[in-house]
Amino acid sequence: LSRRADGYLAVGDFERTVADLTEADKLQPSDELTRKRLSFAHYMRGLAHSKHKRHDQAIADCVDTVIT
């Protein structure tokens, strides 16, 4: 999951990146690196939402960035 998420992140598919890293986090909740990567993916997805004027979704991802 983690490597596939890297591929998705590289091509800007933040939805799939977040989905894979969320699943990886469920499988290994104590893995700090996965949590950091998931937080970054939420941040990147939030930026994409903001760019497309989806401000509510952007705010939600920013909140998830802090919580993760």
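**Helix packing in a predicted model**

Good morning. Residues are numbered from 1 along each chain as its sequence is written, and side-chain values use heavy atoms, with hydrogens and water left out. Helices are DSSP runs of H or I with at least four residues, numbered from the N terminus.

Let me stay with the first pair. The axes of H2 and H3 come within 9 Å and cross at roughly 155°; these axes are lines fitted to C-alpha atoms over the stretch in contact, and the angles run from 0 to 180 degrees between N-to-C directions. H2 and H3 are therefore roughly antiparallel to each other, a label that applies to angles over 145 degrees. Contact here means heavy atoms within 4.5 Å. On the H2 side the contact includes Phe14, Thr17, Val18 and Leu21, and on the H3 side it includes Leu38, Ala41, Met44 and Ala48.

Ala41 deserves a separate remark. Leaving aside neighbours within four places in sequence, Ala41 is in contact with Thr17, Val18 and Leu21. Ala41 also belongs to the largest nonpolar core, which has 5 residues, the others being Ala5, Val18, Leu21 and Leu38. Such a core is a set of buried Ala, Val, Leu, Ile, Met, Phe, Trp, Tyr and Cys residues joined through side-chain atoms within 4.5 Å. The elements that give two or more residues to this core are H2, residues 14-27, and H3.

I turn to the next pair. H3 and H4 pack at an angle of about 165°, with their axes 8 Å apart, and are therefore roughly antiparallel to each other. Their crossing is left-handed. Among the residues that meet are His42, Tyr43 and Gly46 in H3, and Ala58, Asp61 and Thr65 in H4.

In the loop between H3 and H4 lies Lys53. Most residues other than glycine have a negative phi. Lys53 is exposed, with a relative accessible area of 64%; exposed means over 50%, buried under 20%, and partly exposed in between, with a 1.4 Å probe and protein chains only.

Is Asp20 buried or exposed? Asp20, in helix H2, is buried, with a relative accessible area of 8%. Not counting residues up to four places away in sequence, Asp20 touches Leu1, Arg4, Ala5 and Tyr8. Arg3, by contrast, is exposed at 77%, and is found in helix H1, residues 2-10.

Finally, the aromatic rings. The count comes to 1 aromatic pair, where rings of Phe, Tyr and Trp (its six-membered ring) pair if their centres lie within 6.5 Å, and planes under 30 degrees apart count as stacked, over 60 as edge-to-face and the rest as tilted. The rings of Phe40 and Tyr43 have centres 6.3 Å apart and planes at 35°, so the pair is tilted. Both residues lie in H3, 3 residues apart, about one turn of the helix. Phe40 is partly exposed at 40%, and Tyr43 is partly exposed at 39%. Thank you.

Terms used:
This is a predicted model: local features need pLDDT of at least 70, side-chain atom pairs count only at pLDDT 80 or more; totals for chains, interfaces and linings use all residues. Angles under 35 degrees count as roughly parallel, over 145 as roughly antiparallel, 65 to 115 as roughly perpendicular and the rest as oblique. A crossing is left-handed if the near helix is turned anticlockwise from the far one by less than a right angle, and right-handed if clockwise.
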